[in-house]
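Let's walk through this one together, from the overall fold down to a single side chain. Keep the viewer open as you read.

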Amino acid sequence: MRSRGYVEVQEGAGRAWYPVYFHTGLLGLVPDAEAKVGRSFLGRRAFVVEPGIVALPSGRRRSTIPPGAPLDAPRLNESDLRTRSARFGSLRRRIMLDAPAAVAGPFIGLLWLIVDGGGFAQFLAVSLLAAVTAIWWSAIAGSDPS
């Protein structure tokens, strides 16, 4: 993954950056959109961004600018926003970007067999569990599929 979505928030005397779960509505944000701290969602702070988008943090708050080249979201007109949302927000694209992490599943299953023993059914179960966990972990990392 080459990019990750952050919401930059003015807090007191400084700025803070929060990684957020991808939402197609984030593609249409302008750089100075107002983000307010909203209600707590499952014990985590949520941000309500100007057009009514709820952005849920996917990681810890950063007090320094995230690594990499900071790029503001592009200013899109309505038709471009619909096109990009359909392209980047599809379930197929999300799976294509998150699935490579599942390659580790069979290796973890093989390691399990070496350490604990067992048969093919145990290898299959551990491999599947490791692959699903890897896909889940990359899906909650807050990456931006664009």
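Helices (H or I, at least four residues) and strands (E, at least two) are DSSP runs, numbered from the N terminus, and two strands pair if DSSP finds at least two bridges between them. This is a predicted model, where local features need pLDDT of at least 70, side-chain atom pairs count only at pLDDT 80 or more, and totals for chains, interfaces and linings use all residues. Residues are numbered from 1 along each chain as its sequence is written, and side-chain values use heavy atoms, with hydrogens and water left out.

On that basis, the protein chain has five strands and four helices, in the order β-β-β-β-β-α-α-α-α along the sequence.

Start with the hairpin. Strand 1 (residues 6-11) and strand 2 (residues 14-19) run antiparallel, joined by six bridges. Glutamate 11 has glycine 14 of strand 2 as its bridge partner. Two residues sit between the strands, and glycine 12 takes a positive phi near 60° in this hairpin.

Now look inside. Across the 146 residues of the protein chain, 25% are buried.

Finally, zoom in on alanine 55. Beyond its neighbours within four places in sequence, alanine 55 is in contact (heavy atoms within 4.5 Å) with Val7, Val20, Ala46, Phe47 and Val49.

Notes
Buried means under 20% relative accessible area, exposed over 50%, partly exposed in between (1.4 Å probe, protein chains only).
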